[in-house]
Amino acid sequence: MTMLVELSPAALGEKQHKLFAVLGEFDRVMIAYSGGADSAYLAWAAHHVLGENAVAVTADSASMPESHKRDAEAFVRRFGIAHEYIATREFENPDYLKNDPNRCFHCKDELFNRLEELGRERGIRHVIYGVNSDDLGDYRPGQTAAAQHGVKAPLVDAGLTKAEIRELSRLAGLPTWDRPASACLSSRIPYGTPVTIQNVKTVESGEEALKAMGFRQFRVRYHGELVRIEIAREELASALNLQMAGRFTEIFKRLGFNYVTLDLEGYRQGSLNEVLS
C-alpha cells in the first residue's frame, strides 16, 4: 500500500516551488527517465518549467522491462514531454556482467556517458536524474557515478522525499503517483552470479506473469536453478495457498527453474544488499 504524506498542501507547494526554481536555473536539460514515480515527476516538472528545452531520455537496455518502456512512453505522450531512447551497452562491459556490488555504478556510468555524448551533439550541458532525499542513506553506487559525471539531483536539492513526490504527483494528476517501486532487472540477480541478457529476460517473464495474476508489488529473485519470489506483505496472504503454489510452480518451472520458493519475509526493497552487511 502506498503511504500518503501528511505535510500540509502549503508546505508541499513550497517544496514544489523550490524544485521549479532549481529547474529554472537551467537553460536546457536532459532527464534520465525510467518512467518510475520519481523520474516521471521530475520529467513533468522540468517540462512545466522549461517546455521543449527539457528532454526525457530513456536507456534502451535489456535490463528495463518492455512493459516499463510502454508505460514510460504513454506518460510522456499524455503530458507532451519531449522523449527519446538512447542505446546503452552495459552488457558489453565485463565489469558489469560479473555482477559485483558495484554493478549499478557501471550501469549508471554507461548511461551518463551516453547522455553526455548526446548532450555534446545537441548543445545540452545539463543532465538531471530522479534520486530523492530518502535514497541518500541506501547503498546506491549509481549515485557515485552521477557525482563523477556532474549529474544534478533537483529532487534532493528541493528536499523532496519519496512520499512527498508521490503526493505532489497525485495532486498534479500524474498516473505514476502510486506506481510500485522498481529497479532494473539486473538487480534481481545476486551479487557474484553473472548477469546475462538470458537471465534478466527470464526474470522479466516471471514478473510479467505475476503481474498478470494480479500481484502489484513483488520481485523475482534469480538464484540459478532456484527462484525466490518476494511478494509485498499486504498481498502475501493471497499467495499462501496450495492453488497459488501450483500456479507458481507451473509458471517458473516452465521458465527453467528446478525449485520454486516463496519468501516468507515478503517483498523488501534491496533485499539482495542484505548480504553486504
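**Helix packing and a pocket: a chat**

Guide: Let's start with helices H1 (residues 9-24) and H2 (residues 37-50): their axes come within 9 Å and cross at roughly 65 degrees. Axes here are lines fitted to C-alpha atoms, for helices over the stretch in contact, with angles running from 0 to 180 degrees between N-to-C directions. Helices (H or I, at least four residues) and strands (E, at least two) are DSSP runs, numbered from the N terminus.

Visitor: Before we go on, what kind of model is this?

Guide: This is a predicted model, where local features need pLDDT of at least 70, side-chain atom pairs count only at pLDDT 80 or more, and totals for chains, interfaces and linings use all residues. Residues are numbered from 1 along each chain as its sequence is written, and side-chain values use heavy atoms, leaving out hydrogens and water.

Visitor: How do H1 and H8 pack?

Guide: H8 covers residues 162-171, and H1 packs with it at about 95 degrees, the axes 11 Å apart. That makes the two roughly perpendicular (65 to 115 degrees; under 35 is roughly parallel, over 145 roughly antiparallel, the rest oblique). Leu12, Lys15 and Gln16 of H1 meet Glu164, Glu167, Leu168 and Leu171 of H8.

Visitor: What about H5 and H6?

Guide: H5 (residues 103-122) and H6 (residues 141-149) pack at about 30 degrees with axes 7 Å apart. So H5 is roughly parallel to H6. The contact includes Phe105 and Phe112 of H5 and Pro141 and His149 of H6.

Visitor: New topic: how much space lies in the second largest pocket?

Guide: About 430 Å³.

Visitor: What lines it?

Guide: The second largest pocket has 26 lining residues, with His68, Asp71, Arg179, Pro180 and Lys211 nearest its centre. Helix H3 gives the most, six residues.

Visitor: And by class?

Guide: The lining has nine nonpolar, six polar and 11 charged residues.

Visitor: How is a pocket defined?

Guide: On a 1 Å grid over the protein atoms alone, a pocket is an open set of points where a 1.4 Å probe fits, with protein on both sides within 12 Å along at least five of seven lines, and lining residues have an atom within 4 Å of a point. Points are joined across faces, edges and corners, and the volume is the space filled by probe spheres set on them.

Terms used. Contact means heavy atoms within 4.5 Å. Ala, Val, Leu, Ile, Met, Phe, Trp, Tyr, Cys and Pro count as nonpolar, Asp, Glu, Lys and Arg as charged, and the others, Gly among them, as polar.
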